[in-house]
Amino acid sequence: MKASLDGSNQSGEKMAAMDELPLVLVHALPPFEISFKGRLQSRFQLIDSLDSTFAPHVSVLLCVGPSPVSSDTLRHLPSLQCIVGSSAGVDHIDLAECRRRGITVTNAGPSFCEDGADFAIGLLIDVLRRISAADRYVRAGLWPMKGDYPLGSKLGGKRVGIVGLGNIGSEIAKRLVAFGCRIAYNSRNKKSSVSFPYYANICNLAANSDILIICCALTKETHHLINKDVMTALGKEGVIINVGRGALINEKELVQCLEQGQIRGAGLDVFENEPDVPKELFELENVVLSPHKAIATPESFASLQELIVGNLEAFFSNKPLLSPVNLE
Ligand SMILES: O=CC(=O)O
């Protein structure tokens, strides 16, 4: 039997040749770019349904975008050994079940880290220097009427606490060092590869930072990691940037802290209930909002395609995967 993503039937010789290609099940929510699909189809036999008679034999699942991979999905795939992911975050995949079954998972970290880091710095400079707010001021014709716009503050010299020093966090640190910032970080474990001060306790990191940049993985342990206590520790002049996942921050408490001036501002690319954004944020001049696009550029997507093909080829030729996720 032939499996086809576009439902077309293939027959005869071509079918026989394709049947020798390694099987990859594609689990895709967003439309799958057609040229990339063609490229994959020249090397792999793609199937697109858990109900396919092929599913019990599939060893690799290509998970496109944030398509949920639950334990129920995994139950349909008894031979699964590897999930090739196409996002930096893998909170849509049941990692506990993967760990239990010894399924390895890859992510898009290496392809997305530079653009994600650039965007985090963009949000940060925007919040500090009020670029978007100044743009609104000029467009509204307020400059001639109200005169000079209030000063923003300098990035250089600030103490920045990075929450999650993975692919994106490390690139953010690199950029901020060049800006003359002082870096400290929180992560699951202290890293021997960097000399930045490590804070195991997030409130202590906040108390010693002017800015918190959130870019860690969303897990049970990090859900609502940034709460009112952390924001209070950060203080009234503090700024929060979130390019990780919305639920890393208690959004209700963030809105209250912003409204009541308990922190100075925020730059947010992610939200708890996307695409819904708390309406209170629309009224606040000290907040910069973005629709979960930090990592997205044509260049990062081109790099992702190479990474996906590289991971699939590595898997089928028993070589080390290019971007394995640490499931410990
Ligand atoms: O948010 C984007 C990603 O996880 O790739």
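In the predicted model, eight residues of domain 1 are in contact with five residues of domain 2. Ala88, Asp91 and Ser300 together account for 62% of the area that domain 1 buries against domain 2, more than any other three residues. The assignment places residues 8-107 and 298-316 in domain 1, and residues 112-289 in domain 2. Between the C-alpha centres of the two domains the separation is 34 Å.

The size of an interface is often expressed as the accessible area that is lost when the parts come together. For domain 1 and domain 2 this buried area is about 580 Å², and carbon and sulfur atoms give 60% of that value.

One salt bridge is found across the interface of domain 1 and domain 2. Asp91 and Arg245 form a salt bridge in which the closest N and O atoms are 2.9 Å apart. Asp91 is also one of the three residues named above for their share of the area buried by domain 1. On the side of domain 1 that touches domain 2, the residues divide into three nonpolar, four polar and one charged.

Aromatic pairing was considered separately. The model contains five aromatic pairs. Among them, Phe315 and Phe316 form an edge-to-face pair, with 5.1 Å from centre to centre and 85° between the planes. The pair is classed as edge-to-face because the angle of 85° is over the 60 degrees required. Phe315 is buried, its relative accessible area being 16%, whereas Phe316 is partly exposed, with a relative accessible area of 29%. Phe315 and Phe316 also belong to one aromatic cluster with Phe44.

Methods:
Residues numbered from 1 in each chain as written. Predicted model: local features only at pLDDT ≥ 70, side-chain atom pairs only at ≥ 80, totals over all residues. Heavy atoms only, no water. Phe/Tyr/Trp six-rings, centres within 6.5 Å; stacked < 30°, edge-to-face > 60°. Buried < 20%, exposed > 50% of the residue type's maximum accessible area, 1.4 Å probe, protein only. Domains from an automatic or database assignment. Contact = heavy atoms within 4.5 Å. Buried area = accessible area lost by both parts, 1.4 Å probe. Salt bridge = Lys/Arg side-chain N within 4 Å of Asp/Glu carboxyl O. Nonpolar A, V, L, I, M, F, W, Y, C, P; charged D, E, K, R; others polar.
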